[in-house]
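Subject: Handing over the structure

Hello,

Here is the structure I promised to pass on to you. Please open it alongside this note, and I will walk you through what turned up.

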Amino acid sequence: MAPPRNPAHDTEPGVSRRRFLCLCAGAGLGAAACDHAPTGRPPGTGDGSHRPEVEHDAPGTTDWRITSVGPPDAIAGYADRVSVTPGQEFGLFVSTTAASFRVSAFRVGWYGGALARRVWTSSPVRGRAQQAPRLAPETRTVYADWRRTLTLDTATWPEGAYLLRLDAATGHQRYVPLIVRSVRGNGRTVLLHAPATWQAYNRWGGASLYAGPTGAYETRSLAVSFDRPYDLDGAEKFRVYEWAAVVLAERLGIPLAYSTGLDVHTDPAVLDGAAAVVCLGHDEYWTPEQRTHVTRARDAGTNVAFLGANTCFRRIRLQSGAGADDRTVVCYKSAYRADPYYPSQPALVTTDFRAGPAPDPESSLTGVLYEGYPVDAPYVVHSAGHWLHEGTGVRAGDAFAHLVGVEYDRVTSSPGTPPVLEITAHSPLVCAGRPSHSDSAYYTVPSGAGVFASGTMRWVEALLAGTGELGRDHGMDARTRAFVTRTTENLLRAFAEGPAARHRPAPRPNTQDLHVT
């Protein structure tokens, strides 16, 4: 499909985008683009002042939350990049019914319990309601096609996960998520964010990879674009499945790096020499290239943690969007025979990794296989003496109510499952009337890398259980929060030390004891 024209580029010939926006600011259309002067150095380089550790003692703010979303047209926006390197500019596209709005950039972290730091705030920007979205009929893809509102310069922004909060003069607010990514991850734990999955579930404009305007699966999008806002508060998938893990990792003070699956697809250099890669709570949509690069990192000694379930389940392809590469996520799923790559390039056909025409089950990397939805069940500890559980006080058979859900994975005997693997939790459940189990699993490879998979999509949510921060916790309580927090701390600290097999006990194979099929 042909990408839409980008009206954001309609500026006067010979006038740079920065200069054009500054001229607009002088006319009262918004001064945010002029708040930072050019630094004169290439993005992502310099003296290390952008590294996450410079934030450890910085003051935070509790004023990062949204207090009023308002109606869908109150205010919404999107960035023209999923991620940037420090010092790289990006465009922000905003529509609002308010006369004006402001933008504040909050970096997510521990910050003494404040949980974020405000690194930048714009001057008031004149508001305007932008046009209705466009639906591309061939793939039912929604495009906003909005004009660029302002340009932001990240010269003083440290690497990390950001929430840009749009504050309308009417009091309504929404987020725009952004990752200020790391160029190098040597010796660091790389937190790998999942914007392809955020976008797959995004129903802004009426369609996602799951449902179309009628709500039916048959009218779903076959491709979704980043050139539109996210629905709900603008960052729901990030907040529910990733945010708490970022806060915990920052609180531990381990050396961190930040990236996304889309960036690893394009340039895996951030994985070179990394101590660990952490895939967060819901990371379902992967390109074959991303999977190859993460697997190669594992085989070179980089530990890998999967804190959710349903990871690496869908095979996707990236295509260009409005003015940029890789702005469209393609996934035909069950309609894979309609994919233009079928049957000439079967390994690139966008369907489930385990499905034809080129089956490659995700368990060869994750150790577990996605099995079902929806489910709500207790998490049952099996290997209580495993190093992951040090300091938790758990015993074999201890259960944590509601921790398994809403999707789950389990260990199977299917080809590709690592042969030397230890099941650390084995949780009975019933899904769609069928008895089964959810498994947490740990294995190692000859490079020394360790791989852990939680087997439940509620793992990261459980880091906030009983706090009310997300407005829901599925019935999980403070006891569950304490267990998951300590186990995750043990995992992150161990993986930050380098190949886990060199300094932690080896997995004790137990799949036969548990009659895994």
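Which backbone oxygen does the side chain of Asn202 reach? The side chain of Asn202 reaches the backbone oxygen of Pro229, at 2.8 Å. Such a polar contact is a pair of N or O atoms within 3.5 Å; within protein, one must be able to donate a hydrogen and the other to accept it, and residues adjacent in sequence count only if both atoms are side-chain atoms.

Before the rest, a word on the source. This is a predicted model, where local features need pLDDT of at least 70 and side-chain atom pairs count only at pLDDT 80 or more, while totals for chains, interfaces and linings use all residues. Residues are numbered from 1 along each chain as its sequence is written, and side-chain values use heavy atoms, with hydrogens and water left out.

More on Asn202

Asn202 is found in the loop between helix H2 (195–200) and strand S13 (223–225). Helices (H or I, at least four residues) and strands (E, at least two) are DSSP runs, numbered from the N terminus. Asn202 counts as buried because its relative accessibility is 1%; buried means under 20% relative accessible area, exposed over 50%, and partly exposed in between (1.4 Å probe, protein chains only). Leaving aside residues up to four places away in sequence, Asn202 touches Ala207, Ser208, Arg228, Pro229, Tyr230 and Asp231, where contact means heavy atoms within 4.5 Å.

The chain as a whole

The protein chain has nine helices and 25 strands. Of its 517 residues, 59% are buried. Among contacts between residues at least 6 apart in sequence, 73% join residues at least 24 apart. The chain exposes about 19000 Å², of which carbon and sulfur atoms supply 52%; accessible areas come from the Shrake-Rupley method with a 1.4 Å probe, and for residues only the protein chains shown count as cover.

The seven-stranded sheet

Seven strands form an open sheet in the order S14-S12-S15-S17-S25-S24-S23, and the pairing is mixed. Its edge strands, S14 (256–260) and S23 (421–431), each pair on one side only. Two strands pair if DSSP finds at least two bridges between them. Neighbouring strands here are turned by 15 degrees against each other on average, direction ignored. For angles, axes are lines fitted to C-alpha atoms (for helices over the stretch in contact), and values run from 0 to 180 degrees between N-to-C directions.

Helix H4 (residues 243–252) lies across S12 and S14, running at about 160 degrees to S14. Nine of the ten residues of H4 are buried, among them Trp243, Val247 and Leu252. The cover over these buried residues includes strand S4 (100–108), S12, helix H3 (236–241), S14, helix H8 (459–462) and H9. Just after H4, Gly253 takes a positive phi of about 75 degrees.

Helix H9 (residues 478–496) has 19 residues and reaches 26 Å from its first C-alpha to its last, close to the 27 Å expected at 1.5 Å a residue; that expected span is 1.5 Å times one less than the number of residues. Asp477 caps the N-terminal end of H9, with a side-chain oxygen 3.3 Å from the backbone nitrogen of Arg479. The buried residues of H9 include Phe483, Glu489, Leu491 and Phe495. Just after H9, Gly498 takes a positive phi of about 110 degrees.

A three-stranded sheet

S13 also belongs to an open sheet with the order S13-S20-S19 and antiparallel pairing. S13 and S19 (317–319) are its edge strands, each pairing on one side only. Neighbouring strands in this sheet are turned by 25 degrees against each other on average, direction ignored. Three bridges join S19 to S20 (residues 328–330), and Arg317 stands opposite Val330 in S20.

Best wishes
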